[in-house]
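Open the model in your viewer and keep the selection panel at hand. The stops below go from one chain to the other and end at the contact between them.

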Amino acid sequence: MSRKFLGLVLPLAILIGWEAIWYLAANPLESISRPSQIALALMHGLSDGSVLLLTWQTFESALLGFVIAAGLGVLTGIFLGLAPQLERLVRPTVDLLRPIPSVALIPLAMLIYGFGVRMESSIVAFACIWPVLLITIAAVRGIEPGLLEVSHALQLSTWQRISRIVVPAAMSRIAVGLQLALAIALVVAVTVEIVINPRGLGYGMMSAQQSLQFDRMYALLLWTGLTGWGLSRLSQTLIDHYSPASRAQLPRSPA
Amino acid sequence: MTRCFKWLIDQSGAVAFMAGLLALWQILSYYELISPLFFPSPARTFSTLWTQLLDGQIWPPTLATVMRMVYGWVAASIFGVILGALIARSMLAQGLLNPILEFMRPMPASAFIPVAILAFGLTNQMSTTIIAFGSLWPVLLAAIQGFRSVDERLYEVADALRLSARERFFKVALPSALPDIMAGARVGLAVALILAVVTEMQASLPGLGQNILTAQRAFRTPELYASVIMLGVIGFVASGLLHWCERHTLRWRQAHG
């Protein structure tokens with residue numbers, strides 16, 4: 001309890017100091033809004049629904065891209081994890097594509113799709129697919145060989161082997177990969193909006209800055225942080241609830 | 001011998017797979033089954049890249065992007081390690097800072113771009129600040145983790161040997177935390193490259209990010225791909241170098257298992 005209280009000290013001190021400067025300084029900087037103004041701007045934005053609309057726009061693209069990447073990554077990962085020879089064939093190509101920064105593809109995606117959800121989610125999907133793919137391959141590889149031998153002994157079909165043995169055995173580690181990808185999805189979505197795409201929280205911040213509504217800009221920044229934090233807490237809770245083993249397995253996963 | 005042979009087969013298979021993909025792409029764009037505007041044939045892309053490499057057109061922006069990335073990343077790494085060591089030493093600091101760190105971890109660094117533009121304008125300073133800020137968190141969190149998990153007995157040995165505080169840090173704490181720090185620094189480097197590209201696009205600063213954007217606006221897609229390939233090469237080489245450093249500096253650790 002005292003630890004939690006300790007954590008509040010510094011943020012509160014910063015806020016109070018920040019607010020105090022406004023009263024003490026002769027002519028304070030207009031571009032550094034007061035915490036109270038920021039809180040008001042956030043409340044205002046939330047009550048007129050504009051912040052929620054921006055949040056929804058960001059989530060729409062982030063989640064769509066995440067779902068595409070998760071689906072493709074997990075399926076391909078299971079396939080390649082079960083076929084090591086094929087994986088050796090594909091791996092160098094993946095290793096060459098993976099270091100390409102996803103944001104470098106923004107202009108290309110804009111050329112193909114124009115502004116909007118599709119362009120943003122395609123970038124998100126490109127960014128998210130690599131961690132999902134590589135962690136899924138590693139997860140399938142890490143399955144106890146005995147389990148796969150049992151499935152051979154039971155003469156399960158390939159489909160049964162995947163659905164009854166492989167997926168349940170690898171799921172806890174795949175979930176960690178998905179959690180990582182979800183965090184990346186939100187970051188990339190906001191980045192695409194900051195750079196070019198006129199929708200969502202990132203664009204909201206840029207346009208607030210350009211129209212000199214600094215309190216709104218800081219409010220959106222705070223809100224973006226809160227949603228990111230909320231999303232990571234939510235995914236952690238889901239993982240803890242559905243696969244408590246994944247936490248214990250995390251340190252064992254290869255980098 | 002057979003091992004070497006097997007390796008050779010694997011490698012040639014991998015190269016064949018890559019060549020097959022490129023050939024497929026070439027055929028598809030040759031017969032215009034995919035739009036050659038969006039997906040120019042590999043032959044055109046690579047000949048553009050080759051020309052730009054030879055006439056030197058692509059080197060200045062490449063160098064600009066690399067320098068941007070390295071400046072921000074080095075600043076973030078040094079600062080992250082020092083701050084991490086300080087935070088890990090004191091329970092009070094951890095208690096004070098933990099919620100802020102937890103809050104900042106999932107935060108997109110690019111979200112601070114509007115604020116940084118406000119503070120610095122569309123300048124290199126803005127870009128370096130954002131890059132350093134973004135790649136600070138992975139290094140810092142890894143450093144805290146690393147310094148915290150230093151074996152207590154090592155400090156006892158250091159006390160017994162009456163090492164000075166500086167020696168304690170450089171001979172005991174830092175080497176022991178290095179694997180974690182290196183892992184964090186590798187993530188930080190990837191973040192730095194991404195943010196270098198983002199800030200170049202956002203603030204029209206010279207570099208490959210700006211090149212990509214201008215190539216797109218002029219519909220010169222082969223040039224766009226050439227810059228994207230260069231960025232991929234930078235990322236690949238940078239992480240490869242760091243991996244090599246990691247193996248090199250941590251060799252003593254592997255020897256002890």
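At what angle do the axes of helix 2 and helix 10 of chain A cross? Select residues 35-47 and residues 214-242 of chain A: the axes of these two helices cross at roughly 75° and come within 8 Å. Helices here are DSSP runs of H or I with at least four residues, numbered from the N terminus. Axes are lines fitted to C-alpha atoms over the stretch in contact, and angles run from 0 to 180 degrees between N-to-C directions. Helix 2 of chain A is therefore roughly perpendicular to helix 10 of chain A (the term covers 65 to 115 degrees).

Now show the side chains of Gln37(A), Ile38(A), Ala41(A), Leu42(A) and Gly45(A) in helix 2 of chain A; their partners in helix 10 of chain A include Tyr218(A), Leu222(A) and Trp223(A). Residues are in contact if their C-beta atoms, placed from the backbone, lie within 7 Å. Nonpolar means Ala, Val, Leu, Ile, Met, Phe, Trp, Tyr, Cys and Pro, charged means Asp, Glu, Lys and Arg, and the others, Gly among them, are polar.

A word on the source. The model is predicted, so local features need pLDDT of at least 70 and side-chain atom pairs count only at pLDDT 80 or more, while totals for chains, interfaces and linings use all residues. Residues are numbered from 1 along each chain as its sequence is written, and chains are lettered from A and ligands numbered from 1 in the order in which they are written. The model scores ipTM 0.86 and pTM 0.88.

Move to chain B and select helix 7, residues 152-160, with helix 8. Their axes lie 11 Å apart at an angle of about 170°, so the two helices of chain B are roughly antiparallel (over 145 degrees). Leu154(B), Tyr155(B) and Ala158(B) in helix 7 meet Arg168(B), Val172(B) and Ser176(B) in helix 8. Four of the residues in this contact are nonpolar, one is polar and one is charged.

Finally, colour the contact between the chains, with 41 residues from chain B and 45 residues from chain A. On the chain B side, the elements giving two or more residues include helix 1 (2-30), helix 8 (165-203) and helix 10 (221-249). That side of chain B has 31 nonpolar residues, nine polar and one charged.

Methods. Contact = placed C-beta atoms within 7 Å. Parallel < 35°, antiparallel > 145°, perpendicular 65-115°, else oblique.
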